[in-house]
Amino acid sequence: MQPYDLPDDFGHFGQFGGTFVAETLIEALDELRDMYAKYKDDPEFLAEFHHDLKHFVGRPSPIYFAERLTKKIGGAKIYLKREDLNHTGAHKVNNTVGQALLAKRMGKPRVIAETGAGQHGVATATIAARLGLECVVYMGAEDIKRQSPNVYRMKLLGAKVVPVESGSKTLKDALNEALRDWVTNVSNTFYIIGTVAGPHPYPMMVRDFNSVVGKECKIQMPELENKQPDVIVACVGGGSNAMGIFYPYIDDKNVQLVGVEAAGDGIETGKHAAPLTSNSPIGVLHGNRTYLMQNDEGQIIDTHSVSAGLDYPGVGPEHSWLKDSGRASYVAIKDKEALESFHNLCLIEGIIPALETSHALAYAEKIAAKMSPDEIILVNLSGRGDKDINTVANISGISL
Amino acid sequence: MSKIQATFKALKNNKEKALIPFITAGDPHPDKTVEIMHALVESGADMIELGIPFSDPMADGPVIQRASERALKNNGGISKTIKLAAEFRVTNKTTPLILMGYANPIEAIGIDNFISLIKEVDIDGVITVDYPPEESELFVNKLKENNIDSIFLISPTTEDKRIELIINQATGFLYYVSLKGVTGSANIDINQVTKKVLNIKEFSDLPIAVGFGVRDAKTANEVALISDAVVVGSKIVQEIENSNEDDLIDNVKNLMLELKNSINDGAIIK
């Protein structure tokens, strides 16, 4: 059987992906593609990357058996890949370390990033401080209001946070604004995209840097259970943590891959952020072709999710391909269900998960009950929930 | 010969350069668009670039972003844009019309449907900002089959090899983006623009329009001296944004006349 080798040279995953940008960005993307091709297998570059992942990020992250949660559900064993234990509290840092090291090799003294909940912004500001790079983070004005602790974190780390007032003033608009900055400052600036979206080579590059997650699991899981998991569950906004854990398992056809989108108030209400589960049409946004939430006239529509990190109208193009090919399946979890699982994990396992991650947990709990005790579910615990305590307190009617 | 080519040929015979204003269809309101288009022609537009409003215009600066937002708020969009063009064509059958927009609205209504609709309205050319030649061969071929020009952007960072790739697909004219940045973002460096335009001319006989940073009559004059057409977008859209309803048409006309005079001056000096 042919091993999985997408994307092609132009960044296509079947009909998805590609390079849909204005001519003004092509040269920069060509340069990035060439430099990434040069360094991705370079032993010195990889040694530096893995050194930083070990000593700065704290990798490898453990896999933890959620014994009490498993008992409570009464079914398959639930294991958690503890990305929440990374420096800065989420998987996002794997990718920012990789891209920032590449920026350094390319001689770019300035990095920019977009951020929704602020996790990617914090991870970028962190590595920029570590490497002495100037850092500018674009963040929707609405998100700045919702996520003030992360805004201050970025400032403490020396980053400039620029509020984005256009469009819906959220993540997608921050991405637009970062692209505009990049077009303008192409010669001295590296754009660190935070998810497996954007034009080629970003979906591939962000996946590759995050695939350290799945590679570790492939070693750790047999050490614990003498076998690979039966099902891997990860939440999907843009889809970087899911791609990170899925990718090394794509050719292991016995391992089921499940991506969990945000159903918000429910798919049927239209207030959600689940382009795959809601069967949204295919479209073009932020440089790639993918399933996309839009109206009949191709205008991007507002999304809704309790978790800012999943609040995105598109999805990484590789997920669209995995869905169509049947290799992965995609489901959606409502705000309310995610919140229940959030509280569950706090109380039963002593772990405060991110609201994004809570979507994956909620789905794992659902299927675990129907599976046998000798089966294994591995959940990518993509981030910690400290950033979400204000949101959860608000919903619970508590003022902090 | 397409209307775009014919227009360039006629201008060349008169030793004149083209003035191509850009407006967003439906800005400030769809009721105003056709009136503005006619005013543009009356005050010297040789062709009109009509922007299709989009929720996520990533290559545009704040002025044209806001124009998109105003149009969308008033039920603007790709269907409305084509309807407005049709309305303009009722009384004007000669001025070349170029649609400029992003891929997603076009794909959303369907490429074949889009092309058949704009053919019916007698649209002359299409600029799809986020369709580089690598991703748009099918679309461009279909436009060609229907005698609609495909206009491509060339940027300050476009290398010779890519210029060749682009001119292989481009028809009508080439659109040189005169600065590194988004629409309307800064003043341009005329020496750099001149160098690049001469560079492009080594590869292609297509007329070259220059745009993205033409903000005043002086720049328009300088650009006209070294190119075949001057595109003015953000400056006109800003005038529309800043005008109240009563002055809007007069203000746009005055701005256009000023630009037109400066461009003709340029041609005469040459």
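Visitor: Which residues are in contact with Y175(B), leaving aside its neighbours within four places in sequence, and what makes such a pair a contact?

Guide: Y175(B) is in contact with I127(B), I151(B), F152(B), L153(B), A209(B), G211(B) and V231(B), its neighbours within four places in sequence being left aside. Each pair is called a contact because the two C-beta atoms, placed from the backbone, lie within 7 Å. The model is predicted: local features need a pLDDT of at least 70 and side-chain atom pairs a pLDDT of 80 or more, while totals for chains, interfaces and linings use all residues. Residues are numbered from 1 along each chain as its sequence is written, and chains are lettered from A and ligands numbered from 1 in the order in which they are written.

Visitor: Which residues touch the most other members of the largest nonpolar core, and why is it called a nonpolar core?

Guide: This core has 216 residues, and those touching the most other members are I232(A), V233(A), F246(A), I377(A), Y175(B) and V230(B). The name applies because its members are buried Ala, Val, Leu, Ile, Met, Phe, Trp, Tyr or Cys residues, joined through C-beta atoms within 7 Å. Helix α14 (residues 355-368) of chain A provides the largest share, eight residues. A helix here is a DSSP run of H or I with at least four residues, and a strand is a run of E with at least two, numbered from the N terminus.

Visitor: What makes a residue buried, and which residues of helix α12 of chain A are buried?

Guide: A buried residue has 20 or more other C-beta atoms within 10 Å of its own, an exposed one has 12 or fewer, and a partly exposed one falls in between, with C-beta atoms placed from the backbone. In α12 (residues 317-325) of chain A, P317(A), E318(A), H319(A), S320(A), W321(A) and L322(A) are buried. Just after α12(A), G326(A) takes a positive phi of about 85°. In chain B, 57% of the 270 residues count as buried.

Visitor: Why is chain B called as compact as a globular protein of its length?

Guide: Chain B has twelve helices and nine strands. Its radius of gyration is 17 Å, close to the 18 Å that the globule rule gives for 270 residues, so the description applies. The radius is taken over C-alpha atoms, and the rule is 2.2 Å times the number of residues to the power 0.38.

Visitor: How many residues join chain B to chain A by contact, and of what class are those on the side of chain B?

Guide: In chain B, 35 residues are in contact with 28 residues of chain A. Of that side of chain B, α5(B) gives the largest share, six residues. The side has 17 nonpolar, ten polar and eight charged residues. Nonpolar means Ala, Val, Leu, Ile, Met, Phe, Trp, Tyr, Cys and Pro, charged means Asp, Glu, Lys and Arg, and the others, Gly among them, are polar.

Visitor: How do you know where confidence in chain B is below 50?

Guide: The predictor's confidence in each residue is the pLDDT, from 0 to 100. Chain B has a mean of 94, with 98% of its residues at 70 or more, yet over residues 266-270 the value is below 50. Where pLDDT is low, the predicted coordinates should not be read in detail.
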